[in-house]
Amino acid sequence: MTATLHALPATTTMTAEQALQSALALNPADVLVLGYDETGNLIVRSSRMSRRDALWLVEQARMHVTQPMLADYAGGNFD
């Protein structure tokens, strides 16, 4: 796995199919899919990935998401 990050369009109106198609357009080598079904049950699927690798990927995503928030807090922006 590499450290290169491809930002996908962030929107709250994108359907699951649209989000998956957007990700597939980047030709990923491997994926980790997290979601919920209609009844709220967690769905986890991955390709050629151990649980250890999946956890590493989740942690990379967490750091990517929290870094801008930490910079905002350091600058006094608490919204």
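Helices (H or I, at least four residues) and strands (E, at least two) are DSSP runs, numbered from the N terminus. Along the sequence their pattern is α-β-β-α. This is a predicted model, in which local features need pLDDT of at least 70 and side-chain atom pairs count only at pLDDT 80 or more, while totals for chains, interfaces and linings use all residues. Residues are numbered from 1 along each chain as its sequence is written, and side-chain values use heavy atoms, with hydrogens and water left out.

Now show the surface. The protein exposes about 7,000 Å², and carbon and sulfur atoms supply 58% of that area. Accessible areas come from the Shrake-Rupley method with a 1.4 Å probe; for residues, only the protein chains shown count as cover. A residue is buried under 20% relative accessible area, exposed over 50%, and partly exposed in between (1.4 Å probe, protein chains only). Of the 79 residues, 4% count as buried.

Next, select D30. It sits in the loop between α1 (16-24) and β1 (32-36). Is D30 buried, partly exposed or exposed? D30 is partly exposed, because its relative accessibility is 32%. Leaving out residues up to four places away in sequence, D30 touches S47, R48 and M49; contact here means heavy atoms within 4.5 Å.

D30 and S47 are 17 residues apart in sequence, yet their C-alpha atoms are 5.4 Å apart in space. Their side chains are joined by a polar contact of 3.3 Å. A polar contact is a pair of N or O atoms within 3.5 Å; within protein, one must be able to donate a hydrogen and the other to accept it, and residues adjacent in sequence count only if both atoms are side-chain atoms.

Move to R48, in the loop between β2 and α2. Its side chain meets that of D30 in a salt bridge (3.0 Å, N to O). The D30 and R48 pair ties together parts 18 residues apart in sequence, because each residue lies in its own loop, D30 between α1 and β1 and R48 between β2 and α2. A salt bridge is a side-chain nitrogen of Lys or Arg within 4 Å of a carboxyl oxygen of Asp or Glu. R48 is exposed, at 71% relative accessibility.

How many salt bridges are there by this rule? The count comes to two. To see R62 with E59, select both: the closest N and O atoms of this salt bridge are 2.9 Å apart. The two residues are three apart in helix α2, so about one helical turn separates them. R62 is partly exposed at 42%, and E59 is partly exposed at 32%.

Check the backbone next. Most residues other than glycine have a negative phi. R48 has a positive phi of about 40 degrees although it is not a glycine. N27, in the loop between α1 and β1, also has a positive phi, near 55 degrees.

Finish by selecting L34, Y36, L42, V44, L55 and V58, which make a nonpolar surface patch of about 630 Å². Such patches are made of residues with over 30% relative accessible area and no salt bridge: like charges are joined within 9 Å, nonpolar side chains (Val, Leu, Ile, Met, Phe, Trp, Tyr) within 5 Å. β1, β2 (42-46) and α2 (51-74) each supply at least two of its residues. Y36, in strand β1, is exposed at 64%.
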